[in-house]
Structures are given as C-alpha cells and as structure tokens.
Amino acid sequence: MMEMTAPGSITRIMLHVLYALIPGIIAYVIFFGWGVVINIIIAVITALTVEVVMLLLRKRPIKPYIMDGSAVVTAVLLALALPNLAPWWLIFIGVSFAIIVGKHLYGGLGYNPFNPAMIGYALLLISFPLEMTIWLQPDNTLSFAQSLNYALFSTLNNIDIDAMTMATTLDTVKTQSGLGQSFAAIQASAPAVFGQFAGKGWEWINLAFLLGGLWLLYRRVISWQIPVAFIGSIFIMSLLFYPFTETSPIYHLFGGATMLCAFFIATDPVTASTTPTGRLIYAAGIGVFAYIIRMWGGYPDGIAFGVLLMNMAAPTIDYYTRPKAFGEST
Amino acid sequence: MQDKLNSIPVRKTQWKFHGGLKLAGHKKQSMQTGIATAIVPEQLIIPLQQHIGRPAKPVITIGDKVLKGQCIATLKDPTSITAAIHAPSSGEVIAIETHAIPSMNRQTANCIIIKTDGEDRWLPSIKPVDNPTSLSSDTLKQLIIEAGIVGLGGAGFPTHLKLTAETKPLDTLIINAAECEPYITCDAVLIEEQADKIIQGIQIILHTIGIQHCLIGIEDDKPQAIQALQKALATINNHTIQLIQIPTRYPAGGEKQLIQVLTGKEVPLNKLPHDIGIVCHNIATVHAVTEAIKEGKPLIERVVTVTGDKLQQPKNMRVLIGTPMQDVLNECGYTESNDQSLIMGGPMMGIHLDSADYPVIKTTNCILVRKKQKQPVALPCIRCGECARVCPANLLPQQLYWYTRAKDLDRVQDYQIFSCIECGCCDYVCPSHIPLVQFYRYAKTEIWTQEADRKKSDHARERHEYRQFRLERKKAEDAERKAKKKALLNKKQGIKTPEQDSKKAAIEAALKRVKERQSEQAAIAKNTEGLTDEQQKKIDEVEQRRKNKLQKEKLNTKLEDN
C-alpha cells in the first residue's frame, strides 16, 4: 500500500504532451490551412473508437485505459506526420493499424516494441505512396469546408488539385539534387518551397515544436537525453556532409519533422531506451538513420524508419548500458 | 555563550547521493509539546525477538515477580544476533506465549507477558558508572550487552555487535540524526531535550571502539536540534566530533546514503560500512547507551512519535517497551474508524497494521494514523524512467519490475535487486502507480527460497554420495581383510581345500540368517494377521504413498544431478 504518492500520472504526462503540441499545430494552420486540424479530428475519433473496441475484445477496463490519453497522443502524432490534404480512409487505416497492430496485439500500452504512430506512418508510406505525397503548398487559400470536403470525398470540386499542391521542401531538394542540380540552383528554381533559413512554413513549424518541446523539458515530462542526442546527431551528420550535400545543418534542423521527432516522437518512453546512457545512443542512432535516409534513401524524410530501426535495438542498448548500482564502481 | 556557540561551526556537506525525493515533512504537528511520558499499562507484551537474528532466551518463569529493569531474557552467546530483554516495569509474569508482533507479514512471536503492579519499582542493584571513560573497552561492551541495546533507528540490530572492527580497523563513527522520513520527530525532540546525554554517549562509544573521529549527520530542517547539539558540543571542547548539516532529502537517513553524503565514500556493493572503516549508530541508540552506562538503565523504554492527521493530540512520548499501541494511542485522542490507516514507522517505509493490538517494540519509532489513501489503479509501466532518476541505489526499477513480472530471477539479480533498500522513492514517483517495492520484496523472497531449496537438496545429495562412498569403502576393506585372512590360513594349514570349508561355513551362516529373519518377520507379521479388507486397503495405500515418495525423491536427485 502506498501512503504517499507524487501527483503524476500517465494522463498528466499525455496531457502535457498534447499541450506542448499546440504551438506547432497553430504554426501549421497558419502556413498550410485547416487540413491538419481535420487530420487530427479524424485521427482522434478513429483512435478512441478502435481503442474502445480493442479494450472490449481484450476484456480490459475501458475507463482507466481510455483516460490514460495514450491513444489520443498516438493519433495526433500520426495526424501531424500525414500530408495535410489526406483522404479520411488514409487516416483511418493508419491510425487503426497503429492502435490495433502497433499497440494492442503486443499487449497494449507499455508492451509495444515499436512506436505505434511510426508503425502506422510506415504502413501508409509503403502502401499508399501516391496519397502520401499530396501536400498543400504554403499560403494556400483552401477553406476549412474545402479541406473537409477533400478529406471526406477526395475531391476539391472545381479546383485543380495540382495547382494547390506541390512537393515538400525535402522532397524537392532530394529529387532535384538527384538530377545533378546544385543546392543553389534548386533554391533559385523553386523559390516557393524555401523560407528564411529552411523549408517555407516548415521552419516556423519546427521552431514552434521546439518551443513546446522545451516546455516539456522544463516540466520534466521528458528527459534531456533524447532531444539533445537526436538534435546533436542530426547537426553533426549534416555538418560532416555539408560540403557534399550543400544542405546546411540549419536546413536539416528546421526542416521536415526534425523537432517533432526530437521532442515528441523519439521520446515515446515505451519504445525508447530506458537507461540514461541508452537514451543518448538510441536518439543519436535515430538521427544518423534519419539523415542517411533523408539524403540518400528512397523517402523524403527518414525519421519514421530511423525510429523503428532504433526501437528494435532498444532492448539490447538497455542491456549494455545499465548504470552502475550504488557501490558497484568502488 | 554566543561566542562559544560560534566556535562550534556547523559544516555543510559537499557530497550528495543519487536520486532521492524532497517530501512534505509533516513534522510540526508532533513537535508542539515536549516529550510526554506514557502511562504504565496494565499489561506489557514483550516479544523475545524484536529484530533480525535469533530470539532471546527467557530467564524467568510464569508466576515470577519481576522488578523494573530486571533482565527477563538473555542471550546465550554474545556473538549471535540477539539482545537481552528487561522488565519495563514491576509486576508478575503471567504468560510466555505467542502474540502478534508488528511485522510486514503479520507474524507472531513468543512474548513475555507481564501484569504490572502499578508501583513501577526499580531493581535495587542498579549500578551507575560516573566516569565511563575510565573503564576498559571490554567492560563497556559487556555493560552494553547487558543493557540489551539495539539500533533504535531502523532494523534494531544489536548495538554491541557494531562496536568492534571485524575485517578492517574502524576509523570513523557516524551518528545518524538525519531522520529523513516524513512525520517522524522522535530523534529531533530527543536531541532538543537530551543533547548532553547524546554527546556523552558518542564519547562512550568512541572510547569503546577506540577511535577519535565522529561525524554527526543531521538534516537542515531541524535548526533547534542543530543548535542544541552545538551547545552540547561547545561544553566538551572536543574537535574530533563534527556536526554536519545535510540537505533535507529522503532517504538521507539510509545508512549507505548518509555515509556517502557525509564522507563522499560509497560502501562497495554487497559490503558493509565496516569494510570501509565506518560504523553507524542512530542518535537515539547513543542516548540509550548513556542511560545504560551512566544511569544503569537498560533499554526498557524509547521515544515514540505518535502522529498523523487522524489524531487529536499528536506528540512524542516516552513509552515502555511492550506497551500495547492501543494504550499509547488512547493518550493522543485516537478513535477507531475504517477510514484511517495505522502504520508503524513512517509513511514511506512503515508497516501497515490491521489493528492497534500490537506492542510497542524497541524499533517502534513512530505510530502514524492517517486518513486512508485512495489507492489508484495500477496501469502498465511505460518505462518513463522516473523511478531510475530518484533511486538512491542507482538501480533501474523499471527493468527490475519488468523481469520480476517475467519471473526471470537471474536477470533480476543481474540488475542488482539486493541493492534495493526498499525506500519507496520509485513507488512515490511512478506515474502508473505500480506498487514497485512489493514486487521487489516478492522477487527477493523468491530468490531466497530457491536458494534455500537448492542448498537443501545439495546437502541431501552430498549425504547420499558420502553414504555410497562409505559402503563401497567398507566392502573393499572387508574384501581385503578376507583375502589376507585366507592367505594366512593357507600358509598355516597347507593347501587343504580351504575354499570348500569356508564356502560351506558361509552357506550355513547364510541359511541361519535367513531362518532368523523369517522367524523375526513371522513375529512382526502377527500384527497384520486377520486384518479386515478395509485395514488392508489402508495399509496398501500407505505403502503406495511411501513408494511414490521414494520414487519422487529419486527423480529429484536425478534432476539435480543433471
């Protein structure tokens, strides 16, 4: 029996994570419109429904497990990773797979070896490559109703989708440099995807996620090792290869999903390494994989695969990084 | 006076231990008044064993009249983990019987039960020693043994066993005045009221061990106690006893944590403070030593903090060992009810009691009555690692939990479960509200049981193997002897068919033996003649059971061998 307990709970942790995502979501809406909000709404409804069904099937109490908030966090993270113009079924499949296969089939919260949101994302990326590349361009004029219409019926009525969408910054750079173009030439030829110091819009979204992430650190919801090691390894990798890739560390740190991963995805405690040293190795590993895939792999960003690869390594890392117990070092 | 006070500096420590918690103290409520003296109860229930180790041996019998301070149970051997027990008040021994004792798993133990006569009459032969440092170390040690003093801070380890160096010479005495657990204030008030006796006790112990250097560790949330110690130290003018103020952080009073905070040294894994030349004593123990030597008073009472939000008059009380908790609680405005928990000890490491029908024992530092806490539903571990951050033993509680649940006890030992001090920091911070310490206790017990079983079967196998060896050796020896005899006979009688003769004799002897055995059996068998079917069936059943058992044992030894 416990007489004294700290006020913490899983619910509190998950709520903090959700609060910390708000600045990033606002920045997202400012630059890309309401699509992301629609993604989040569909994802959360799906996640809660699927979670309840799975808990019923597994004969688990509904209330404490729904209230823990982990399903909502998975849904929101996946929604943030998806294209901002996604049909409902894409989100539905991704979230269902994340919750059912990624979480419950392994035994539910706490027992899943892989980050559920990234499992869902990887499935969609492999199965629906076309739908996963339809991104709205920044500063588009799509209204909430139009976005919703697209999500539900996969059509924008009289508007030409191609006129509203374009490749993301990372995608553009990868495709063009693959054709032998220099970074400066890419910048000159596609000014619409570049902002002040990184991808247009993405730089601010990343900054906002960084802000939320720092708050999480301050509130001690996450520990410093994962963000620091991940950002550090992206920085070092991009610095090392700067002369060859012509893409600067700043471009990498504030491009794609770097900050979202650093503070919100890689920090999922269940699937990350659990020892202090292990977390450094784990997150640095994600950075290395993410950078390699981002620069030379078949996908525009490598974070999902980086996370999943390091998830596999986490138990082994934990085993070899046990801190010395009291008196063990003397 | 002020100048003198200033000459005794309070050093702040420069070291700290890993993890730990800043907890709400809840200490003020029991410190409103000085130490009160509890009423002598009608009945005293004194367990013969109040600590790890072995029970003491009673030296009185039922019906004996005893006087206050009279030894009623003693230890056979001064090296065994036992302590003498004395009558806390005068009266009559009315029983020596089992009674529930405050313990983790509702144990019972043999207790001497004394019906008090209300006169509280002291044993006349008590001999105070005015100048203890004039006595030899062995004499002092003997006096401490005779006074039945045990560690009053935690596990109640007999004090006399911690007065000599076993492996390495001792160089530092550490006095634990940290009192880090919330609610408990018995040490703090004792220091405030009896600082002089405490300093005297430290001098006695230093003299007994034969060392000079002493560090007193006290948490900085007790300014008055610190001041009292400063004052007492100023009067003796001894600079080898140092007062060190440490940050208030639970569990700074854990023995190994305190050593680290005061000296920066880590007691090596699976070793004791002794091994690095340090010995720790609790401040209340030191006080008891002074009373035993200078006043001739054996350990028959202690200060107990009786507190909690469910008590009307929380306070510290001087309570006779063996007093029923109910009597103590009654003096503090206690009413029984279902919405409160009764705990012996503090809220972090204390033992939950199901009723107040337990005696106060030598290790009862606190009786806590709190509003029953709502126990939150335990959710799965999300491996957040908060537990590892606060663990003072620098373990990975999340991994220990994981492998305990998987019953992978080898792995649990790899993760150093036996370094766990069960302080409960991990329980406190766990966002999934998992009762982690309960899992660790389970794992430890499970490992101990397995080890004991293994030892037992090892022992049985060794015995069996030795028996086999003995039989074979005997056979060989017999054969050798026979051969020698034969050779000798042959030499004497020439070669006259000795073989045939001996064979004949052997056959005759064997026949005789068989006959004898048959007649013996016939004599026994008479008991089983003319049995009813039912009786026969029962006998067969017994026989079958016996055979099965034998078979099983054989199988077990086989498995063990493999």
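Leu342(B) stands opposite Leu353(B), a residue of strand S17 of chain B. Strands here are DSSP runs of E with at least two residues, helices are DSSP runs of H or I with at least four residues, and both are numbered from the N terminus. The model is a predicted one, in which local features need pLDDT of at least 70 and side-chain atom pairs count only at pLDDT 80 or more, while totals for chains, interfaces and linings use all residues. Residues are numbered from 1 along each chain as its sequence is written, and chains are lettered from A and ligands numbered from 1 in the order in which they are written.

S16(B) and S17(B) run antiparallel and are joined by three bridges; two strands are said to pair if DSSP finds at least two bridges between them. The hairpin of these strands has six residues between them, and in it Gly345(B) adopts a positive phi near 105 degrees. On another side of the account stands S18(B): strand S16 (residues 340–344) of chain B is linked to S18(B) by five bridges, and the two run antiparallel. Within this pairing, Met344(B) has Ile367(B) as its bridge partner in S18(B).

Strand S18 (residues 366–371) of chain B is also joined by three bridges to strand S14 (residues 301–307) of chain B, and these two run parallel. Here Cys366(B) in S18(B) is the bridge partner of Thr305(B). These strands belong to an open sheet of six strands in chain B, with the order S2-S15-S14-S18-S16-S17 and mixed pairing. At its edges are strand S2 (36–37) and strand S17 (351–353) of chain B, each of which pairs on one side only.

H3(B) lies across S14, strand S15 (315–320) and S18 of chain B, and runs at about 125 degrees to S14(B). Angles run from 0 to 180 degrees between N-to-C directions, and axes are lines fitted to C-alpha atoms, for helices over the stretch in contact. Two residues are in contact if their C-beta atoms, placed from the backbone, lie within 7 Å.

Helix H3 (residues 186–209) of chain B also packs with helix H4 (residues 223–236) of chain B, at an angle of about 10 degrees and with the axes 8 Å apart. H3(B) is therefore roughly parallel to H4(B), a description used for angles under 35 degrees. On the side of H3(B), the residues that meet H4(B) include Ala188(B), Ile191(B) and Ile199(B), and their counterparts in H4(B) include Ala225(B), Leu229(B) and Ile236(B). The residues of this contact divide into eleven nonpolar, one polar and three charged. In this grouping Ala, Val, Leu, Ile, Met, Phe, Trp, Tyr, Cys and Pro count as nonpolar, Asp, Glu, Lys and Arg as charged, and the others, Gly among them, as polar.

Chain B holds a further open sheet, of three strands in the order S4-S6-S7 with antiparallel pairing. Strand S4 (57–58) and strand S7 (85–86) of chain B stand at its edges with a single partner strand each, so one side of each has no neighbour in the sheet. Two bridges join strand S6 (residues 71–74) of chain B to S7(B), and Ala73(B) stands opposite Ile85(B) in S7(B).

Taken as a whole, chain B has 14 helices and 18 strands. Its radius of gyration is 32 Å, well over the 24 Å that the globule rule gives for 562 residues, so chain B is more spread out than a compact globule. The radius is taken over C-alpha atoms, and the rule is 2.2 Å times the number of residues to the power 0.38. Buried residues make up 43% of the 562 residues in chain B; a residue is buried if 20 or more other C-beta atoms lie within 10 Å of its own, exposed if 12 or fewer, and partly exposed in between, with C-beta atoms placed from the backbone.

Chain A has 17 helices and two strands. Its radius of gyration is 20 Å, close to the 20 Å given by the globule rule for 330 residues, so chain A is as compact as a globular protein of that length. Of these 330 residues, 53% count as buried.

The two chains meet where 38 residues of chain B are in contact with 31 residues of chain A. The largest share of the side of chain B that touches chain A, three residues, comes from H11(B). That side divides into 21 nonpolar, eleven polar and six charged residues.

Key:
Angles under 35 degrees count as roughly parallel, over 145 as roughly antiparallel, 65 to 115 as roughly perpendicular and the rest as oblique.
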